[in-house]
Amino acid sequence: MPIDTMTQNHENPLTYEEWSCQYPEYSAALLQSERNSADILELACDLIQAEVTAYCGQPRKREGRKYQRWGNNPGSICLDEARVKISVPRVRNQETNKEQPLRTYQHLHKRRDAFLEKLINRLLLGLSQRSYHETAAEAAESFGLSASSVGRRFVAETAKTLEAFMNRRFDDQTFIAISLDGKTLRGRQMILCLGITVTGEKLILGFTESNTENHESVRTLLLDLIQRGFRHIGHLLVLIDGAKGLRKGIQDVFGAHALVQRCQWHKRENVTRHIKDDAGKKQVKAEMEEAYAQPTYAQAKRALVKIEEELEQESPSAAASLREGMEETLTLHKLGGGGAEPLRNSLRTTNTMENVNSLLAHGTRNVKRWSNSHQRQRWIAAVCLHAEKRLKRIPNNPQLRALVHRLKHYREPVNRYLETSRHAPLTN
C-alpha cells in the first residue's frame, strides 16, 4: 500500500510514533516480523522515503521548499534479528545549510528492544549461540549475528536483567502467600521464592545461592525481600516441600505469622516411597489424593487418619511418614480453601515452583561451563522473568477473597520481631 504523503505537514513531519499510529500495518510488520525479510526491508525503506517526501515534496518539485534532497549515505537498520545495510537518503535544510536528521531512520537504526527480547527468548528456549544465525531471518548483506557477538549481547543484556530483577521493589503489592523451593544447578543450590498477591497474581520475588537449603540462606533471602518492600496481609501462607532448612528460615523471619502449607504432592511421594509393591503405591496415592480433595479440614483429617491406621499394619515406616507433618499438609483446609478450585490446585502444592525449576533446567541445558556465580545468577534472573510471563494467575473470585479475609483475621500469637519492627504486615 503506498504511503499517502499529501497528509503530511512539511514543516513538522510526523514522528516515528505518529507514523506507527497512522500506518499500523508497517509497525506491526517491523516489530512482529509477520512478513518475510525482503518485504519488511521494503516496508522500512518506504517509511524512510515517506519522511523524505514529507520534508521535500515530490522529486523535481522544489519551489518554495525549505528542505531539499541531498544525495545518499551508506547506513544500516535493525531488521528482525540482524543489521542490514541500506542506502540512506539525506535531506538538507536550505535555511541553515545543515543536514536534517530523519527520525524514522534513527529509530530503525537503533531499534534493539525487539532484537534483544528475541535473542534472550531463543537462548532460554535452548538455542545454541552458534546456531542463532541459522535460525534468524536471512536478508541480503545482513551482519552482526556471529556467535561471539550474540554472546556479548546476551551477557550485557542479562547483566542488566539481573540488576533490575534483584532490585525491583514490591511496595505497591500485598501478598497472601509465598512458595520456596531449591534447585541444584551444576553443584550449587539455588533457592527461589515466588509470591502470590491478594489479587491472585504470581511474581518470582528473588533467589539466593547456597551450598544447601540451609536456614541462613533462606533467612537472608526473605529479609532482602522485606527490605525491597515485601508486605503481607495478616498471616502469610507459606508453601514448602518440607525441607527443614526452609522451615527454620521461615520461622526465623515470620514466626507465628507464617502458616506453613506442606506440599501434598511431596507428602504423597514420601509416603509411597516406603511401599514396595507398585499396586500398593498406586492405591495409597489414590486414597491420599481423595483425602486431600475433601472440602473441609475434619473430613480430610479423618480420611488421612484412616489411611495411617491401615498403613500401620502393612508398612509402619510409611505410616510414620504420613503422620510426620500431616497437620501442615492441611493448613489450606483450616483456612477454608481445601475444596475451592482452582484455589486449591494453586496453593496445596509447590507445583508452580516446580514448573519454574523445569524452565530453569531447560533454559540452561546448553550451558557447558559455569565460570562463576555471576554467570549463574544472570541466567537465573533471565529465566525467572521469562517464566513469570507464563504463570497463570489465580482468578480473583469469592473463594480467593474469602481466603484473604481468613488470613487477615487469623488468630494466632504475633511474632515479637515483626510486631515491633517496621517490617510488620499490613493490618488494614
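Predicted model: local features only at pLDDT ≥ 70, side-chain atom pairs only at ≥ 80, totals over all residues.
Which exposed residues sit on the face of α11 turned away from its buried side? They are Asp278, Ala279, Lys282 and Glu290.

Helix α11 covers residues 278–292, which makes 15 residues. From its first C-alpha to its last, α11 reaches 21 Å. That is close to the 21 Å expected at 1.5 Å a residue.

Now look at the covered side. Gly280, Val284, Met288, Ala291 and Tyr292 are buried in α11. Seen down the helix axis, these buried residues fall within an arc of 95°, so they line one face of α11. An α-helix has 3.6 residues a turn, so residues three or four places apart point the same way.

What do the buried residues of α11 pack against? Their partners are α10 (264–272), α12 (297–314), α13 (316–323), α14 (331–334) and α15 (343–347).

## Helix α10, a covered neighbour

Helix α10 is mostly covered, with seven of its nine residues buried. The buried residues are Gln264, His266, Lys267, Arg268, Glu269, Val271 and Thr272. They pack against strand β9 (258–262) and against the helices α11, α12, α13, α14 and α16.

Glutamate 354 is found in helix α16, residues 351–363. Leaving aside neighbours within four places in sequence, glutamate 354 is in contact with Asp181 and His266. His266 is among the buried residues of α10. Glutamate 354 itself is partly exposed, at a relative accessible area of 26%. The C-alpha atoms of glutamate 354 and glycine 182 are separated by 9.3 Å, although these residues are 172 apart along the chain.

## Salt bridges

Side chains of opposite charge can pair when their charged atoms come close. How many salt bridges does the structure hold? The count is 19. Three of them are set out here.

| Pair | N to O distance | Location |
|---|---|---|
| Lysine 248 and aspartate 252 | 3.5 Å | both in helix α9 (residues 244–254) |
| Glutamate 308 and arginine 323 | 2.7 Å | helix α12 and helix α13 |
| Glutamate 312 and arginine 323 | 3.2 Å | helix α12 and helix α13 |

Take the pair in α9. Lysine 248 and aspartate 252 are four residues apart, about one turn of the helix. Lysine 248 is partly exposed at 41% relative accessibility. Aspartate 252 is partly exposed too, at 31%.

Arginine 323 has a salt bridge with glutamate 308 and another with glutamate 312. Why does the glutamate 308 pair tie together separate parts of the chain? Glutamate 308 lies in α12 and arginine 323 in α13, so the pair ties together parts that are 15 residues apart in sequence. Glutamate 312 also lies in α12, so its pair with arginine 323 ties together parts that are 11 residues apart.

Is each of these side chains buried or exposed? Glutamate 308 is buried, with a relative accessible area of 14%. Glutamate 312 is partly exposed at 33%, and arginine 323 is partly exposed at 40%.

Salt bridges can also share partners. Arg268, Glu269, Lys285, Glu289, Arg344 and Arg348 are joined in this way into one network. Arg268 and Glu269 are among the buried residues of α10.

## Cysteines

A disulfide is a covalent bond between the sulfur atoms of two cysteines. Cysteine 263 counts as buried, at 2% relative accessibility.

## The whole chain

The chain has 428 residues, and 49% of them count as buried. The accessible surface comes to about 21,200 Å². Carbon and sulfur atoms account for 48% of that surface.

How do contacts run along the sequence? Take those between residues at least 6 apart in sequence. Of these contacts, 65% join residues at least 24 apart.

Note on methods: Residues numbered from 1 in each chain as written. Heavy atoms only, no water. Buried < 20%, exposed > 50% of the residue type's maximum accessible area, 1.4 Å probe, protein only. Contact = heavy atoms within 4.5 Å. Areas by Shrake-Rupley, 256 points an atom, 1.4 Å probe, with all protein chains shown as cover. Helix = DSSP H or I, 4+ residues; strand = E, 2+ residues; numbered from the N terminus. Expected span 1.5 Å × (residues − 1). Arc of directions from axis to C-beta. Salt bridge = Lys/Arg side-chain N within 4 Å of Asp/Glu carboxyl O.
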